[in-house]
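Subject: Handover of a structure and notes on its contents

Dear colleague,

Please find below the structure that I am handing over to you. My notes on it follow, and I would ask you to read them with the structure open.

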Amino acid sequence: MQNKLPILKNKNFKDSVVLVTGAGGTIGSTIVNRIEAKTIIAVDISEYAIYKLQRSIGTKNIHCIVGDVSDPKLVNLIFNKYNINYVFNAAAYKHVDTLEDENNSYSVVKNNIMSVINLCEYAGNVRALVHISSDKAVNPTNNMGYTKLWCERIIQHYSKRTLSQFKIVRFGNIYNSAGSFVETLQWQMDTGRPITITDDRMKRYFMTVDDAVSLITDIVDLDWTNSTYILNMGEEVSVVDLIPQGYPTEHIGIRPGEKLHEELVYDYESLEPTANPLIYKVDWHPVDMSSKIQDVLTELNKEEICLQTLIETIQTTTIL
């Protein structure tokens, strides 16, 4: 798959302290390796992911922290210790079918939503906070998408309380990222298994990890507006077209929460051009999320979290 944007070492942060959350993942680790900064604070909930990141970087100006940014105490410790200038938030659980399991309801809400709340609470004095969203936040049909929509609304809510830049990037599937369809496809071929197909009509937007990271880092200096940024990814790709011709397949049916097609924008959103012809932006219409955020905190303190309550609550914020 070809890159659309140039792969450059970003030097715009060379005098800055940059916090990267989810730093051990596909996107987070690429951000860490692509930017030049005075100091990088790389945080990930996975000790193994941090171990692999440390093994790959080996530079003294990168501080690797094993920790969970949905824990407000940890976020407080980080912001009190380091004078953070930029935040790139790549911390999220993302696997749709896994997160549909009711046993994971608490974890997906706590990890995805609380991380954003905590970062926003402490990012009032940074130059910019960039949050990584997903096309699944548009007209969501699954728990992952609903939490991503919550995060977008929360970012927009906090943006009204600060002079810092708060920006969102929204994109589709990262080609061959950890746990992606392409990685699963390769694993099935390597182990002699048939390739599992949910539905022949399934289509997805794909982009390279390098394009994703270029988009994430470039929008910081693209303009001084709080907006959602979207890369021109072309047309959706049929998942079936990624399978080698003639290879054995097995149809397993659409999994809970899956769509046949993803969307990049809501009907009420319009794509506006930016200085980069490959990048578009969507202006925000923020709604007050104060009571909604309290709803999240209340649900997380209950013995059993009710995702339906949160789904119904976030739906009331989408009518603008």
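In what kind of interaction do the side chains of R255 and D97 meet? They form a salt bridge, with 3.4 Å from N to O. R255 belongs to the loop between β13 (249-251) and β14 (272-273), while D97 sits in helix α4 (residues 96-99), so the bridge ties together parts that lie 158 residues apart in sequence. R255 has a relative accessibility of 35% and counts as partly exposed. D97 is likewise partly exposed, its relative accessible area being 38%. Elsewhere, salt bridges with shared partners join D135, K136, R204 and E262 into one network.

Before going further, please note that this is a predicted model. The average pLDDT of the protein chain is 88, and 96% of the residues score at least 70. Confidence is highest in strand β4 (residues 86-89), at 98, and lowest in helix α10 (residues 307-315), where the mean is 75.

Further salt bridges

The count of salt bridges comes to 14. One of them pairs R34 with D210, whose closest N and O atoms are 3.2 Å apart. Because R34 lies in helix α1 (residues 26-34) and D210 in helix α8 (residues 209-218), this pair ties together parts that are 176 residues apart in sequence. R34 counts as buried, at 9% relative accessibility, whereas D210 is partly exposed, with a relative accessible area of 21%.

Another salt bridge links K110 to D68, and here the closest N and O atoms are 3.0 Å apart. K110 is in helix α5 and D68 in the loop between β3 (62-66) and α3 (72-81), so the pair connects parts that are 42 residues apart in sequence. With 23% relative accessibility, K110 counts as partly exposed.

The buried residues are I27, G28, S29, T30, I31, V32 and R34.

Helix α5 (residues 105-122) also holds N118. N118 is buried because its relative accessibility is 5%, and the limit for a buried residue is under 20%. Leaving out residues up to four places away in sequence, N118 touches V69, S70, D71, P72 and V75.

K281 is placed in strand β15 (residues 279-283). Is K281 buried or exposed? With a relative accessible area of 14%, K281 is buried. Apart from its neighbours within four places in sequence, K281 is in contact with D223, T225, S227, T228, Y229, S270, L271, E272 and T274. From K281 to K110 the C-alpha to C-alpha distance is 28 Å, and the two residues are 171 residues apart in sequence.

S46 is found in the loop between β2 (35-44) and α2 (47-57). At 27% relative accessibility, S46 counts as partly exposed. The C-alpha atoms of S46 and M114 are separated by 17 Å, and these residues are 68 residues apart along the chain.

N139 is in the loop between β5 (128-134) and α6 (143-159). N139 counts as partly exposed, at 33% relative accessibility.

A pocket

How much volume does the second largest pocket have? The value is about 190 Å³. The pocket is lined by E100, E102, N103, S105, Y106, N143, K302, E303, E304, I305, C306 and L307. These lining residues divide into four nonpolar, three polar and five charged.

With kind regards

Terms used: Residues are numbered from 1 along each chain as its sequence is written. This is a predicted model: local features need pLDDT of at least 70, side-chain atom pairs count only at pLDDT 80 or more; totals for chains, interfaces and linings use all residues. Side-chain values use heavy atoms; hydrogens and water are left out. Helices (H or I, at least four residues) and strands (E, at least two) are DSSP runs, numbered from the N terminus. Buried means under 20% relative accessible area, exposed over 50%, partly exposed in between (1.4 Å probe, protein chains only). Contact means heavy atoms within 4.5 Å. A salt bridge is a side-chain nitrogen of Lys or Arg within 4 Å of a carboxyl oxygen of Asp or Glu. On a 1 Å grid over the protein atoms alone, a cavity is a set of points where a 1.4 Å probe fits but cannot get out, and a pocket is an open set with protein on both sides within 12 Å along at least five of seven lines; lining residues have an atom within 4 Å of a point. Grid points are joined across faces, edges and corners, and a volume is the space filled by probe spheres set on the points. Ala, Val, Leu, Ile, Met, Phe, Trp, Tyr, Cys and Pro count as nonpolar, Asp, Glu, Lys and Arg as charged, and the others, Gly among them, as polar. pLDDT is the predictor's confidence in each residue, from 0 to 100.
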